[in-house]
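Please walk through the predicted model below, with its conventions and cut-offs stated along the way.

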Amino acid sequence: MEFIKFVNVEKTYKNGVNAVYNMNLSIKKGEFVFVIGASGSGKSTLIKMLYREEKPTKGEIMVGGINVAKVKNSKVYKLRRKIGIVFQDYKLLPKLTVYENVAFALEIYGLPTDEVKKKVLKALDLVGLKSKVKSYPDQLSGGEQQRVAIARAIVNSPKLLICDEPTGNLDPDTSLEVMKVIEKINDLGTTIVMATHDREMVDKMKKRVVLLEKGKLVKDYEKGSYSNYESN
Amino acid sequence: MKAIRIFLRNIRDGFKSVGRNLSLSVASISCITITLLIVAVALVVSSNVENMTKLIKEDFTIVAFVDNSATEEQIEELQTSIKHFSNVESIEHQTKQEIASGMKDTSSELGKIIDSWSEETNPLYDTLLVKVKDTEKISKTADQIGDIELINNVQYGKGMVEDLLSVFKILEKAMIIAMVALVLVTLFLITNTIKITIFSRKREIEIMRLVGASNFSIKQPFVIEGLCLGFLGSLIPVATTLYGYSTLYSHFKGQFFSPFVKLVPAEPFIYIVSLALVILGVVVGMFGSYRAVRKYLKI
């Protein structure tokens, strides 16, 4: 079953830069997809269009039955509640504890406090940080901070987890740790779309790989690796 | 139930934010405190000036001297006809005997002379004391009364009254301009400080959006925070008004250097001013936050 579908998507920024051309892509429910490409290849634009930070100039983007291109700014939150997003720079609130950072994503829905607690602890358990609930982000290592961000992204049990270079700031060992957590989440049935530069990781994971070049989708491999494209 | 829970959490978060961003909160609160103190002083001064001019205007009286040939019935008629003038507020009749006995009390010398007067030899006139509704038209009303046949002479402090009135007019205008300017400055200063407080939390708003907070639920805690800041900022000005003005009032025994300048009684004046300060602080605080957050929400 198709969960994400790009149909003839084109994105031109206001300054005239053409970031994405004529893109067609479909991703099944529960898939794990790497989006790779050099800087400026349109990776980030593709990711941003998925969570409707950017609107496509042309075409249609369906995410779980919602036409993302048609979501109004004031209704974006409804889409965001259905997906989880993880960034390179974690985007944690420094003045909130680990628990509060994760709970934050649930409290805005008005969930009862005991239910919030249950879900937050479950998510933190999944990323292996149950012992750090009372710590503040600056007391954690980069890998731990990223795992908190992942816990926040999945605490609402989204069907889709979008990762924008989640290991970009981490050393290889820590990256692997984070990657394992994300794989675990994928095993639980969540669709994952991840933009990355981390070639070792992509090679190791043997997942579907989509290559972008100058705004175009040039290759799409079922069990791919970075080395598939080396020759290009 | 869900909405109430979100609302309560937003109140909690609004209060917490004040503490979490303490240095910026203190900056905002101090700014609000200082501007509201200035507003408080301006309110006190302008109310007192207004009170003074009002009291002085109330004292403006047209004194009309009635011809000695007038009979008592004629004087009665005079009174009723003057009462019907559109600008006449009230009228009081003083007979010449009343005036004479009033004068007797001022000195014993004068008392002896006055005692020697009989009903016929009393050189004084029966007098009508007329208060007007609109002091601006006092000269016109005085002329109208003066035109009546049985009225010998009319006096109302010609010249001085006009001068005073024009001074009051300028004073009132200046007060209004000063108050409007002050309120605008307050609005500008407070909204700007709060804006800075919130701009520094751009990231927080961005993250709230990313995890799926609706625009409304992003705004709410910030608006509540603005309310807190405004309220806390109004505390010192309110305390200063409550304590300061009552002390001032009792120190000067209700009049400012001369019995002609009466101060506005402390109660309920100080409560009204305090309430105005709190409302101004809170409303401007909320409005400032609302405006600042909006800037970071794509709408």
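Between the two chains, 17 residues of chain B are in contact with 16 residues of chain A, where contact requires C-beta atoms, placed from the backbone, to lie within 7 Å. On the chain B side, α1 (2-20), α8 (202-210) and α9 (215-251) each supply at least two of the touching residues. Helices here are DSSP runs of H or I with at least four residues, strands are runs of E with at least two, and both are numbered from the N terminus. The largest share of the chain B side, six residues, comes from α1(B). Sorted by class, this side of chain B has seven nonpolar, four polar and six charged residues. The nonpolar class holds Ala, Val, Leu, Ile, Met, Phe, Trp, Tyr, Cys and Pro, the charged class Asp, Glu, Lys and Arg, and the polar class the others, Gly among them.

This is a predicted model, in which local features need pLDDT of at least 70 and side-chain atom pairs count only at pLDDT 80 or more, while totals for chains, interfaces and linings use all residues. Residues are numbered from 1 along each chain as its sequence is written, and chains are lettered from A and ligands numbered from 1 in the order in which they are written.

Helix α1 of chain B also holds B:Asn10. B:Asn10 counts as buried because it has 22 C-beta neighbours inside 10 Å. The cut-offs are 20 or more other C-beta atoms within 10 Å for buried and 12 or fewer for exposed, with partly exposed in between; these C-beta atoms, too, are placed from the backbone. Leaving out residues up to four places away in sequence, B:Asn10 touches B:Ser217, B:Gln220, B:Pro221 and B:Ile224. By contrast, B:Asn10 and B:Leu171 are 47 Å apart in space, C-alpha to C-alpha, and 161 residues apart in sequence.

Chain B is divided into domain 1 (2-56 + 163-294) and domain 2 (61-155), with bounds that come from an automatic or database domain assignment. The C-alpha centres of these two domains of chain B lie 52 Å apart.

Chain A likewise has a domain assignment, with domain 1 (1-82 + 158-224) and domain 2 (92-157). Taken over C-alpha atoms, the centres of domain 1 and domain 2 of chain A are separated by 24 Å. In chain A, 14 residues of domain 1 are in contact with eleven residues of domain 2. On the domain 1 side, α6(A) gives the largest share, seven residues. That side of domain 1 of chain A has eight nonpolar, three polar and three charged residues.

Within the range of domain 2 of chain A, consider helix α5 (residues 142-154) of chain A. This helix has 13 residues and reaches 18 Å from its first C-alpha to its last, close to the 18 Å expected at 1.5 Å a residue, the expected span being 1.5 Å times one less than the number of residues. Helix α5(A) is mostly covered, with eleven of its 13 residues buried. Among the buried residues are A:Gln146, A:Val148, A:Ile150 and A:Ile154. The buried residues of α5(A) pack against β6, α3 (98-107), α4 (113-126), β7 (160-164) and α6 (172-187) of chain A.

Both β6 and β7 of chain A belong to an open sheet of six strands with mixed pairing, in the order β6-β7-β8-β3-β9-β10. Two strands pair if DSSP finds at least two bridges between them. The edge strands, β6 (83-87) and β10 (216-221) of chain A, each pair on one side only. On average, neighbouring strands of this sheet are turned by 15° against each other, direction ignored; the axes are lines fitted to C-alpha atoms, and angles between N-to-C directions run from 0 to 180 degrees.

Strand β3 (residues 32-36) of chain A pairs in the parallel sense with β8 (residues 191-195) of chain A over four bridges. In β8(A), A:Met194 is the bridge partner of A:Phe34, and A:Ala195 is that of A:Val35. β3(A) also pairs in the parallel sense with β9 (residues 208-213) of chain A over four bridges. There, A:Arg208 is the bridge partner of A:Val33, while A:Leu211 stands opposite A:Ile36.

From β9(A) the sheet continues to β10(A), paired in the antiparallel sense over five bridges. A:Val210 stands opposite A:Asp220 in β10(A). The hairpin of β9(A) and β10(A) has two residues between the strands, and in this hairpin A:Lys214 takes a positive phi near 45°.
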